Amino acid sequence: MEKIPLLSVENLNVEFSTPDGVVHAVNNVSFAVESGKTLGIVGESGSGKSVTASSILKLNSGVTAKTQGAILFNGRDVLGADDKAIRSIRGSEIAMIFQDPLSALNPYYTIGNQIVEAYRVHHRDVKKGAARKIALEMLHRVGIPNPEARIDEYPHQFSGGMRQRIVIATALINSPKLLIADEPTTALDVTVQAQILDLMKDIQKENSMAIILITHDLGVVAETCDDVAVMYGGRIVEKATVNELFLTPTHPYSFGLLGAVRSLDNSARGELQTIAGSPPSLLHLPSGCSFLPRCGYAQQNLAQCSSVVPELGKVSPTESFSACHLRTEALISLKMKEIA
Amino acid sequence: MSSEILLEGKSLVKYFPHGSKGIFGKSDGFVQAVDGVNLVLRKGQTLGIVGESGCGKSTLARVLTRLIEPTSGNIILDGRDITKVSGKELQSLRRDIQMIFQDPFSSLNPRHSVGEIIASPMRIQNTVPKGNEKSRVQELMELVGLNPEHYNRYPHEFSGGQRQRIGIARALALNPKVIVADEPVSALDVSIQAQILNLLEQLQHDLGLSYVFIAHDLSVVRHIADEVAVMYLGKVVEIARPEVLYSAPAHPYTKALLSAVPSATPRASHMHSRIVLQGDVPSPINPPVGCRFAARCWKAQDICVAQEPALGPQSFTSQPEEGLVACHFPENSN
Amino acid sequence: MTTFIARRILFALVLLAAVSLFTYLLFALLPTDPAALTCGKNCKPELIAANRVRLGYDKPIYEQYWQFIKGIFAGRTYGSGDIAFTCPAPSLGYSFNQHECVSTLIGKTFPVTAFLSLGAFVLWMLLGVGTGTFAALHRGKWQDRLTSVVTSIGVSLPTFYVGLLVLFSVVIWLQWLPFPHYASPTENFHDFLAAMILPWITLAVLSAASYTRLTRNGVLEAMNEDFVRFGVAKGLKNRTVIRRYVLRAALIPIVTIAGLDFAALLGGAIVTESVFSLPGMGRLAIRSVTDSDLPVLVGTTLVAAVFIVMANTIVDIVYGVLDPRVRVK
């Protein structure tokens, strides 16, 4: 029997109208997340991963954004939900944390004030005193030393790592079923990053929480995610379990990324593997595959690759999905030979 | 085997006055950003400096290039003591030692064209007659992989990776001997990082440059450096060749740092014991008296808290190539 | 926090001393003979000489300054014997033209200026901040564009033009109000309002226009901040986010600028007071220039400068209260 996914995104499209034209930030993105699991969304700058994430909570709405598609949370329609309904989901069933902990917290209020606020939005009948106790417990849980003394301090009085813990405390105070973490550790030192990722995994185990982790760091993905979606040019180009992605990547872009990261990791000196060129402009997406200018395999299939946008399709015998016209067995075995 | 020493830092110290006490705002202690650092850069080689935020590596970079004055200590370039030079001598010094910055977005003047940006060091130093300027700029642009036709474009028209190339071209304009690169690839995407690193290595090979390469990303430094120094709270805690440092780190902090880096291999097939350090980096304002890492070190003893360890060979039996470490109980000693 | 405040106040006192010295010297070093200005055209040299002694202008400058400062705290006696007269503390000098102590003159005129400034301040803040926030929230739509056009006009209109325009249209043409004739609010509140409403509007128009723009830009910038997004992600109502997050951030610099602008007005809204014939400090200052009444000029300049210094200090302290990050210094 198939489990109904906690979150299901179908054919999401997001466009922004800017003075320079229409930016196609997200193009036909579909994925699903199950309770208790972590989905990693990997991509470089301009891949559309952040916009995808903020669409889940309808944070993109504004004069300039146009969102189409379907997002279902626990079977309920998110994109079509009215203001009141979406507000009841935000911060209570789905929580989101952002990259820069320095700017995520309101500098004008104490951290206690902000955590209490996050709690009382969804528990209106709880008095401030009771909410404060709950906030203290949460600060303790996320590892803030001496929370009783520090709860009345301001964000700027904490270090980067501490601030991210406070952000996590604020986001998780209502025990959400889904946490969306947009590059939560990018701005942190590597030792602090390790602490924060551990904390998130701990809490996930406790609450059976689902996590969508957005990052550009493949190492973080390898260590924390169950499933991965690789984004490029506003599209998902590969969807796989984490093992499959790292052992048998099925899209030339994933392959290039892994190659660049791995050649950096191994100790042999000499030229690093790169992906030539730069990511495409989302203003003028080409017809056909947007990875074409940087793809080493496209020469074999130029006519199709340059005119038809590849759809995500299953790559048997694996469970992965790849948006590549050449996702044939021949291609996979070729790549596996290259890695070995 | 070892080439001549090109740049040397001796007991470099940089303190910043911090805060204000009382009504008259007298400073309340010092941020001891760099606290007694010795380093050596050999000709044609790359010295990597790694550390986390607050360790002092960026301050050290700026002190080496005399963008900030050291509180005490000496900087010796090519045998000359350049710590206190000023005026014309300082200006000519700038031709020998240049800097590349981290943020490709804020390190280029958005109101200057690319040509002007690359040409400005030459104009300031008067090294190239006006007529030859354009061809020299275009030569440099080609050298770093930019299209020389884009001479008149503005920074915002380029991508992050290309902007960093502009910064590199600017640094090369005066044919320096040493380039101090302060996190030159940290703000770039992974696929672009590799391009820029390849470029830097190629330039080093072709032009005989020497680099001081500062980064917080250990894998980047491992690839490009001939020697790596690990900094913690203003001090160098370990120096070694990458082959030694990354496979057998001697200082507990280095070990923890290396184990914290997530590796691009799924966890199912990779069981490693990660050392998760407790707590935060202590403040560089009132650093502890003894070893600065003692509070977070899992093997700290009384002597660690009381006495600061000096940077020296791991043990009596260790070879010079095995590097230096500042620890009372280094990891691999017998 | 207390050291922060104490340090600001200490600095303000030092600044005040410097300001008083500078102001006094500025006028003392003028090439005119202050004693000669004390009586009109047909002045006998003996009278001038006598006045010079009485007012202390025969003494060296530093002693004059010292007497002046002492007068502020302890009052000052001019002349000697039975023709002596005293200006009680705070004495800022004596005006021969108007036969009054300067402080009395200022005391009479200051309330008018104060009411004028206060009313205008409230009006322009409500109008400016309100309209600016409204425009920012409807960015790009017709409300925003209309506001932009109106403020451009408002910012370009000089005060005297607005004043005369308002005066002409409301009083003379439409005859909705009588010609403004100032009455103290305690005496006749109705007349007071009738007299002040047009000057308030005149003064407020220019400032409201520029504050609308300031607020609009500040609010738009604040809305882009990460913590505002985080607030929305918590599930807060839009109104709450605007109040606690956006406005809180955007208004701090505006409130501080407003404090400084208000203080500048307290020194005398010269043009407006002239157009509407209000007996305020601005008009006093103008009169003292045309009459060459040096003591009054010194007095009003010093009072205006004091307000600016005080406002700067208060604004600094208020900033520290509103923005916790600033208190560290």
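**Exercise 1. Describe how α4(A) packs against α7(A).**

*Solution.* The crossing of these two helices, α4(A) and α7(A), is right-handed. The model is a predicted one, and the values below are computed from it.

Step 1. Classify the angle. Angles under 35 degrees count as roughly parallel. α4(A) and α7(A) are therefore roughly parallel to each other.

Step 2. List the residues. From α4(A) come I111(A), Q114(A), I115(A) and A118(A), and from α7(A) come I166(A), A169(A) and T170(A).

Step 3. Sort them by class. The contact of α4(A) with α7(A) has 5 nonpolar and 2 polar residues, and no charged residues.

**Exercise 2. Carry out the analysis for α4(A) and α5(A).**

*Solution.* Step 1. Helix α4 (residues 111-122) of chain A packs on helix α5 (residues 128-141) of chain A with an axis separation of 9 Å and an angle of about 110 degrees.

Step 1. The range 65 to 115 degrees counts as roughly perpendicular. The angle thus makes α4(A) roughly perpendicular to α5(A).

Step 2. As for handedness, α4(A) passes α5(A) in a right-handed crossing.

Step 3. On the α4(A) side the contact is formed by G112(A), I115(A), V116(A), Y119(A) and R120(A); on the α5(A) side it is formed by K128(A), A131(A), R132(A), I134(A), A135(A) and M138(A).

Step 4. By class, the residues of the contact of α4(A) with α5(A) comprise 7 nonpolar, 1 polar and 3 charged.

**Exercise 3. Determine the strand order of the open sheet in chain B and identify its edges.**

*Solution.* Step 1. The sheet contains 4 strands, ordered β2-β1-β4-β5 (chain B), and the pairing is antiparallel.

Step 1. Find the strands with a single partner. These are β2 (30-42) and β5 (80-81) of chain B, which stand at the edges, so one side of each has no neighbour in the sheet.

Step 2. Examine the pairing at β5(B). Strand β4 (residues 72-77) of chain B pairs with β5(B) in the antiparallel sense over 2 bridges. Within β5(B), R80(B) is the bridge partner of L77(B).

**Exercise 4. Characterise the contacts that chain A makes with chain B and with chain C.**

*Solution.* Step 1. Begin with chain B. The contact draws 34 residues from chain B and 37 residues from chain A. On the side of chain B that touches chain A, the elements giving two or more residues are α6 (190-207), α7 (218-224), α8 (242-247) and α9 (252-260) of chain B. The largest share, 7 residues, is that of α6(B). By class, this side of chain B has 16 nonpolar, 11 polar and 7 charged residues.

Step 1. Turn to chain C. Here 20 residues of chain C are in contact with 22 residues of chain A. On the side of chain C that touches chain A, at least two residues each are supplied by α8 (226-233) and α9 (238-266) of chain C. The largest share, 7 residues, belongs to α8(C). This side of chain C divides into 8 nonpolar, 3 polar and 9 charged residues.

**Exercise 5. Summarise the fold of chain C in terms of secondary structure, extent and burial.**

*Solution.* Step 1. The secondary structure of chain C amounts to 12 helices and 4 strands.

Step 1. The C-alpha trace of chain C spans about 80 × 60 × 35 Å along its principal axes.

Step 2. Chain C has 329 residues, of which 35% count as buried.

How values were computed. Residues numbered from 1 in each chain as written. Chains lettered and ligands numbered in written order. Predicted model: local features only at pLDDT ≥ 70, side-chain atom pairs only at ≥ 80, totals over all residues. Contact = placed C-beta atoms within 7 Å. Nonpolar A, V, L, I, M, F, W, Y, C, P; charged D, E, K, R; others polar. Axes fitted to C-alpha atoms, helices over the stretch in contact; angles between N-to-C directions. Parallel < 35°, antiparallel > 145°, perpendicular 65-115°, else oblique. Left-handed = near helix turned anticlockwise from the far one by under 90°. Buried ≥ 20, exposed ≤ 12 C-beta atoms within 10 Å, placed from the backbone. Pairing = 2+ DSSP bridges.
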